[in-house]
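Open your viewer and get ready to click along. We will go from one selection to the next, with a short note at each stop.

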Amino acid sequence: MTAPGHEPDALDLGLPAPVPDPDLPVEVRIHEVGPRDGLQNESSLVPVEVKAEFIARLAAAGLRTVEATSFVHPKWVPQLADAEDLVPRLAGLPARHPGLRLPVLVPNERGLDRALVHGVGDIAVFASATETFARRNLNRSADEAMAMFEPVVRRATGAGLRVRGYLSMCFGDPWEGPVPPEQVIGFGVRLLEMGCEELSLGDTIGVATPGQVGALLEGFARAGVPAGRLAVHFHDTYGQALSNTLAALRAGITTVDASAGGLGGCPYAKSATGNLATEDLVWMLHGLGIRTGVDLRALVGASAWMADRLGRPSPSRTVQALAGGRA
Ligand code: HMG
Ligand code: MG
């Protein structure tokens with residue numbers, strides 16, 4: 001019986017009854033990118049204390065990798081120009097949440113120097129599988145960008161930092177169209193050989209479909225890259241992000257990038273919209289009996305809180321269902 005005036009919501013109904021699939025991994029590591037990939041695309045500047053609180057809430061919800069910000073040129077991404085102010089505010093979090101990692105994006109040695117001053121332990125370089133996006137995002141050809149990353153990766157690994165490599169436009173590019181898998185695999189293998197511990201394959205404009213994902217991952221396997229060194233990074237422009245994730249899990253992927261509340265995009269990629277929403281991902285993974293360590297209700301609370309700060313509803317379907325999409 002429901003008391004008059006009180007409508008039951010999905011929270012009252014609980015979470016999906018897990019039905020495990022023996023062909024899928026038992027555990028997935030979520031690489032949360034909301035504070036970086038999400039907020040880099042906001043039209044208004046988000047105050048630094050709001051960013052710090054958002055990251056603290058995400059950590060409290062059980063996320064153990066939260067990409068915090070970027071040490072890029074402040075004129076290129078003004079939304080993240082406060083990196084120097086933000087990172088020290090996060091210093092107490094790892095002690096409260098053992099195992100928490102707070103990577104930052106670094107494009108060049110200048111960015112690495114800035115990150116090292118603040119004792120950052122994890123960085124990510126970000127390459128492009130296409131020429132046009134390399135020029136638009138990094139002001140260089142794709143090869144020149146790789147040359148820019150080389151000393152960054154060498155110095156960072158030498159200093160004991162963990163380095164992730166991103167590769168953008170792995171499936172389609174808004175200026176060049178479909179991207180040949182062998183081109184993607186070529187750049188990806190170079191990033192791994194350079195010293196990146198992990199390679200995240202980005203569908204920057206969200207055009208991939210599950211068959212393409214399976215084929216690209218098969219290509220990496222044929223090139224000798226184990227699935228354990230790969231992550232997937234889907235944007236949800238065409239509503240394919242969850243289906244693509246399932247295809248990736250079937251191919252043995254166990255690290256999935258997602259953005260709390262479905263925030264996101266890329267300021268230098270025409271038509272890039274929000275990332276796969278972390279809540280939608282967690283709903284599916286928990287429904288498949290896959291462990292994530294994430295408390296979905298706390299995560300929805302964090303995204304609803306952020307939606308209130310941004311003044312618009314979260315695009316995540318799960319946040320809408322569980323929190324009425326507040327704001
Ligand atoms: P540039 O203009 O070619 O830089 O930009 P430069 O090397 O010619 O240097 C020019 C000036 O900028 C110099 O200052 C440098 O010191 C300074 P001056 O000597 O003239 O006074 N500078 C810097 N200052 C602060 N921090 C720095 C820095 N670097 C140079 N790090 C650059 C080249 C790479 C810096 C620029 O293009 C840039 O910052 N790009 C970043 C773009 C970006 O952040 N895009 C979004 C992230 S990628 C993404 O979202 C995709 C992803 O999510 C995966 C997916 O979805 O596919 C990861
Ligand atoms: Mg992205």
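A polar contact here is a pair of N or O atoms within 3.5 Å; within protein, one must be able to donate a hydrogen and the other to accept it, and residues adjacent in sequence count only if both atoms are side-chain atoms. With that in mind, select Thr-204: a polar atom of its side chain lies 2.5 Å from an oxygen atom of ligand 1. Next, pick Asn-139, where a side-chain N or O atom is 2.9 Å from an oxygen atom of ligand 1.

Before going on, note that this is a predicted model, where local features need pLDDT of at least 70 and side-chain atom pairs pLDDT 80 or more, while totals for chains, interfaces and linings use all residues. Residues are numbered from 1 along each chain as its sequence is written, chains are lettered from A and ligands numbered from 1 in the order written, and side-chain values use heavy atoms, without hydrogens or water.

Now select His-235. Its side chain has an N or O atom 3.0 Å from an oxygen atom of ligand 1, and its NE2 also coordinates the magnesium ion (ligand 2). Donors are N, O and S atoms within 2.8 Å of the metal (3.2 Å for Na, K and Ca); water is not among the atoms, so sites may look incomplete. Along the chain, the donors follow the spacing D-x195-H-x1-H.
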